[in-house]
Amino acid sequence: MNITVQSIKFNADQKLIEFIQRKTGKLNQFLDSIIGGECYLRLENVDDEANKVSEIKINIPGSQLFAKGQAKSFEEATDIAVESLRRQINKHKTKTKTQASNHKEILTTEEEEY
């Protein structure tokens with residue numbers, strides 16, 4: 001999977017970019033039809049220590065999945081966002097499987113009528 005990392009108003013370290021690409025690359029284990037993605041890194045203007053935000057958007061056939069993580073470090077924020085995407089992928093796969101099985105049931109009942 002090809003993922004573009006963009007850091008807003010700062011320069012991201014190469015180690016951080018490689019970390020994000022490695023973490024998001026593991027999503028291919030759950031869904032191998034991922035087309036690509038984008039990751040946006042930015043600093044929130046808040047008093048809290050957890051001011052680092054990682055937003056990840058991945059493109060899959062027919063849809064887009066989006067997750068946002070906020071933590072004390074970009075690595076933690078990325079972990080949160082990737083875990084959220086993993087859950088969304090599992091939910092998407094379950095949903096498409098049930099739609100496919102419902103479609104098969106409709107076809108078999110229509111064939112019986114003929």
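Let's start at serine 54: setting aside residues within four places in sequence, serine 54 is in contact with Cys39, Tyr40, Leu41, Ala67, Lys68, Gly69, Ala77, Thr78 and Ala81 (contact means heavy atoms within 4.5 Å). This is a predicted model, where local features need pLDDT of at least 70 and side-chain atom pairs count only at pLDDT 80 or more, while totals for chains, interfaces and linings use all residues. Residues are numbered from 1 along each chain as its sequence is written, and side-chain values use heavy atoms, with hydrogens and water left out.

**The overall layout**

- The protein chain has two helices and four strands, taken as DSSP runs numbered from the N terminus (helices are H or I, at least four residues; strands are E, at least two).
- Read along the sequence, the pattern goes β-α-β-β-β-α.
- Of the 114 residues, 30% count as buried (buried is under 20% relative accessible area, exposed is over 50%, partly exposed is in between, with a 1.4 Å probe and protein chains only).
- Take the contacts between residues at least 6 apart in sequence: 47% of them join residues at least 24 apart.

- The four strands make an open sheet in the order 1-2-3-4, with mixed pairing (two strands pair if DSSP finds at least two bridges between them).
- Strand 1 (2-7) and strand 4 (63-71) sit at the edges with a single partner strand each, so one side of each has no neighbour in the sheet.
- On average, neighbouring strands here are turned by 15 degrees against each other, ignoring direction.
- Strand 1 pairs with strand 2 (residues 36-43) in the parallel sense, over six bridges; valine 5, for one, has cysteine 39 in strand 2 as its bridge partner.
- Helix 1 (residues 14-25) lies across strand 1, strand 2 and strand 3 (52-60), and runs at about 140 degrees to strand 1 (axes are lines fitted to C-alpha atoms, for helices over the stretch in contact, and angles run from 0 to 180 degrees between N-to-C directions).

**Threonine 4, on strand 1**

- Threonine 4 lies in strand 1 and counts as partly exposed, at 37% relative accessibility.
- Leaving out neighbours within four places in sequence, threonine 4 is in contact with Gly37, Glu38 and Cys39.
- Its C-alpha atom is 8.5 Å from that of glutamine 21, which is 17 residues away along the chain.

- Serine 54 belongs to strand 3 and is buried, with a relative accessible area of 0%.
- Threonine 78 is in helix 2 (residues 74-113) and also counts as buried, at 0% relative accessibility.
- The two side chains make a polar contact at 3.3 Å (a pair of N or O atoms within 3.5 Å; within protein, one must be able to donate a hydrogen and the other to accept it, and residues adjacent in sequence count only if both atoms are side-chain atoms).
- The threonine 78 side chain also reaches the backbone oxygen of phenylalanine 74, at 2.7 Å.
- Not counting residues up to four places away in sequence, threonine 78 touches Phe19, Ile20, Lys23, Ser54 and Ile56.

**Around the rings**

- There is one aromatic pair in the structure: phenylalanine 10 and phenylalanine 74 are stacked, 5.3 Å centre to centre with 15 degrees between the planes (rings of Phe, Tyr and Trp, using its six-membered ring, pair if their centres lie within 6.5 Å; planes under 30 degrees apart count as stacked, over 60 as edge-to-face and the rest as tilted).
- Phenylalanine 10 lies in the loop between strand 1 and helix 1 and phenylalanine 74 in helix 2, so the pair ties together parts 64 residues apart in sequence.
- Phenylalanine 74 is buried, with a relative accessible area of 9%.
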